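Please open the structure in a viewer and keep the sequence at hand.

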Amino acid sequence: MEIEHRYLSINGLNLHIAQISKDEVGTVVFLHGFPEIWYSWRHQMVAVAEAEYRAIAPDWRGYGLSDQPQDPENASREHLISDLLGILDALSIPKAFLVAKDFGSYPAYLFALLYPDRTCGVVSIGMPYSPVPFSYDLLPEGFYIKRWQEPGRAEADFGRFDVKRVVRTIYILFSKSDIPIAPEGKEIMDLADLSTPLPEWFSEEDLSMYASLYQKNGFTYPLQIPYRVRSIKETELPSDRTIRVPVLLIQGEKDYVYELPGRYEAIKEGIMKDYVPDLEITSIPEGCHFVQEQFPDQVNQLIISFVKAHPVNN
């Protein structure tokens, strides 16, 4: 089964989508994180298509083969939600399942909150939902998010190396269970060197694919979203932040995100359940931050079981 590629004109940009156009029982839209692209979902797209669903994986604006906006400093989360709505409308999809990870989970949750009639359900990989933003105040200055929030700092750090080396380093660092924190005098890219092997589930061919797709836009816009993006104004969100569609959270127990402030409490102490009544949480014991690539068969089965349990017409 072959993955097809096309462009959609959405909000003044040409957005790239990969898809397998089988649509027997519903549509599943896959939303990537950083530094990922549509290719991050290659295993899942084929699996859900074989289960007779239409699989669609866009490159977010500024990522992969999608156009980069001319004003990256004005990046906003509203843009992502508007782009997602535009993709569904352009493809005449009335309602879809959203499968997301990393920062892609945030627009997925908000889309479900704002457009429950267009959302069959949400599968989030590694990111719990909270109507209150998580705080990083307790983490040191060298914490990667704090570093990458500084305009120009990550660009200078990444700019010392070619694209392939940057993606290699991020995959090595972020597949560990430790939170990436740079000591004083070091940058995040200094935390791994070329002698460190790639994870066994991420091949040199995979790395080359990522690198080739980042050649178009580089990292300027991806560093705006998610790290410097403007949040949606409180006044533009409903007062009731409860998500009314079914949600499955797939948590890799070795994902460093699990160690970030508020994440453990949201998952293990049931805080997320307060805002997501129809919630299922499942764990993959050895799963890391890239669990959908690390253990594709397990993740595929969890996604397919979830979508089949919630028929589109319900």
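The stops below concern helix packing and salt bridges.

This is a predicted model, in which local features need pLDDT of at least 70, side-chain atom pairs count only at pLDDT 80 or more, and totals for chains, interfaces and linings use all residues. Residues are numbered from 1 along each chain as its sequence is written, and side-chain values use heavy atoms, with hydrogens and water left out.

**First selection: helix α1**

Select residues 42-50, which form helix α1. Helices (H or I, at least four residues) and strands (E, at least two) are DSSP runs, numbered from the N terminus. Which residues of α1 are buried? They are R42, Q44, M45, A47, V48 and A49; buried means under 20% relative accessible area, exposed over 50%, and partly exposed in between (1.4 Å probe, protein chains only). To see what these buried residues pack against, display β2 (13-20), β3 (27-31), β4 (54-58), α7, α11 (291-294) and α12. Contact here means heavy atoms within 4.5 Å. Just after α1, select E52, which takes a positive phi of about 75°.

Two packed helices are described by the angle between their axes and the distance between the axes. Axes are lines fitted to C-alpha atoms, for helices over the stretch in contact, and angles run from 0 to 180 degrees between N-to-C directions. The two helices are therefore oblique to each other: angles under 35 degrees count as roughly parallel, over 145 as roughly antiparallel, 65 to 115 as roughly perpendicular and the rest as oblique. On the α1 side, the contact is made by H43, Q44, A47 and V48, and on the α12 side by P296, V299, N300, I303 and I304. These residues divide into 6 nonpolar, 3 polar and no charged. Ala, Val, Leu, Ile, Met, Phe, Trp, Tyr, Cys and Pro count as nonpolar, Asp, Glu, Lys and Arg as charged, and the others, Gly among them, as polar.

Next, select α6 (163-174) and α7 (204-217). Their axes lie 9 Å apart at an angle of about 125°, which makes α6 oblique to α7. Helix α6 contributes V163, K164, V167, R168 and Y171 to the contact, while α7 contributes E204, L207, S208, Y210, A211, Y214 and Q215. By class, there are 7 nonpolar, 2 polar and 3 charged residues in this contact.

How many salt bridges does the structure hold? There are 16, a salt bridge being a side-chain nitrogen of Lys or Arg within 4 Å of a carboxyl oxygen of Asp or Glu.

Select D89 and R118, whose side chains meet in a salt bridge (2.9 Å, N to O). D89 belongs to helix α2 (residues 77-90) and R118 to the loop between α3 (105-114) and β6 (119-125), 29 residues apart. D89 is partly exposed at 43% relative accessible area, whereas R118 is buried at 16%.

Move to R160 and D190, a salt bridge with its closest N and O atoms 3.1 Å apart. R160 is partly exposed at 44%, and D190 is partly exposed at 31%.

Finally, select E141, R147, E150, R153 and E187, which salt bridges with shared partners join into one network. R147 counts as buried, at 1% relative accessibility.
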